[in-house]
Amino acid sequence: MIVILLGPPGAGKGTQATRIMEKNGLVQLSTGDMLRAAVAAKTAVGIKAKEFMDSGKLVTDEIVIGIIADRIEEDDCRQGFLLDGFPRTLAQAEALDKLLTNKNLKVDAVIEMKVNDESLVDRITGRYTCAHCNMGYHDTNLKPQKAGVCDSCGSTNFNRRSDDNRKTVVARLATYHAQTAPLLPFYKEKGVLRTIDGMANIDDVTIQINNVLSKL
Ligand code: AMP
């Protein structure tokens, strides 16, 4: 099963991807996570990507398509995968179609997580993750049960993304509307678009997504 989670930054794609992956045995492929790892490791790709990421712009299609083309060849992708943050342009969507067609595969569903723009800045600027297991938290909406201690692994170290600041978030939202939103009609036309209410609470969003997946 090949599923794409589509929605603006802060819609909850990463949080939901982790949950869905655990339940359905799909691998989560997040180009954002892969690029952040490349930036941290100071690879050639990371060095090129950093400036785009820091300014809220998209990394070039060539770079991200290359990353995904290599990644889906790996063994753990054989049972299917969940794309989180890719594709983000029509060129990426078309390249993905080609890569999949060559493997006799296709996108089974594109789940649009619909949210109000106004809620996104607060969602994003308040979020942080466990430095050890990557579990996501939020200053007001999703605090660890014990302050300063990760619920999942007990670590006391947390990270905030450098691009989760107000200025970059506004740029990322504009980028989403200009370059990624055109994917909605593209996938609607193909009959694979499913829209869910991303404003519902986290558990309800998971239920909506699982409902879509159970019908595939
Ligand atoms: P994300 O973690 O998905 O919010 O991505 C963080 C940043 O990585 C984005 O603002 C982009 O600069 C870059 N990025 C992630 N995925 C893509 C993609 N599919 N195409 C272009 N840039 C991407």
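The model is predicted: local features need pLDDT of at least 70, side-chain atom pairs count only at pLDDT 80 or more, and totals for chains, interfaces and linings use all residues. Residues are numbered from 1 along each chain as its sequence is written, and side-chain values use heavy atoms, with hydrogens and water left out. The chain holds nine helices and eight strands, where helices (H or I, at least four residues) and strands (E, at least two) are DSSP runs numbered from the N terminus. Its radius of gyration is 17 Å, close to the 17 Å that the globule rule gives for 216 residues, so the chain is as compact as a globular protein of that length. Here the radius is taken over C-alpha atoms, and the rule is 2.2 Å times the number of residues to the power 0.38.

**Overall build**

- The C-alpha trace spans about 50 × 40 × 35 Å along its principal axes.
- Of the 216 residues, 45% count as buried; buried means under 20% relative accessible area, exposed over 50%, and partly exposed in between (1.4 Å probe, protein chains only).
- Among contacts (heavy atoms within 4.5 Å) with a separation of 6 or more, 69% come from residues 24 or more positions apart.
- The 28 positive and 27 negative charges have mean positions 2 Å apart. Lys and Arg count as positive and Asp and Glu as negative, while His and the chain ends are not counted; each charge is placed at NZ of Lys, CZ of Arg, CG of Asp or CD of Glu.

**Helix α4 and its residues**

- Helix α4 covers residues 61-71, and its buried residues are I63, V64, I65, I67, I68, A69 and R71.
- Those buried residues pack against β2 (27-30), α2 (31-40), α3 (44-54), β3 (81-84) and α5.
- I68 has a relative accessible area of 0%, so it is buried. Leaving aside neighbours within four places in sequence, I68 is in contact with L29, T31, M34, L83, F86 and L99.
- Not counting residues up to four places away in sequence, R71 touches V27, L29, M34, D76 and C77.

**Helices α6 and α7**

- In α6 (residues 117-125), S119, L120, V121 and I124 are buried, and their cover includes β5 (127-130) and α7 (166-180).
- T180 lies in α7 and, at 3% relative accessible area, is buried.
- A polar atom of the T180 side chain sits 2.7 Å from the backbone oxygen of R88. Beyond residues up to four places away in sequence, T180 touches L6, P87, R88 and T175.

**Partly exposed helix residues**

- L90 is found in α5 (residues 90-102) and is partly exposed, with a relative accessible area of 36%. Residues up to four places away aside, L90 touches Q179, P182, L183 and F186.
- T18 is in α1 (residues 13-24) and is partly exposed at 30% relative accessibility. A polar atom of its side chain lies 2.9 Å from the backbone oxygen of G14.
- T18 and C133 are 115 residues apart in sequence and 11 Å apart in space, C-alpha to C-alpha.

**Backbone details in the loops**

- Most residues other than glycine have a negative phi, and most peptide bonds are trans.
- The peptide bond from F86 to P87 is cis, with omega near -5°; P87 is in the loop between β3 and α5.
- K42, in the loop between α2 and α3, has a positive phi near 55° and is exposed at 64% relative accessible area.
- N104 has a positive phi of about 60°. It lies in the loop between α5 and β4 (109-114) and is exposed, with a relative accessible area of 75%.

Definitions and conventions: Polar contact = N/O pair within 3.5 Å; in protein donor to acceptor, adjacent residues only side chain to side chain.
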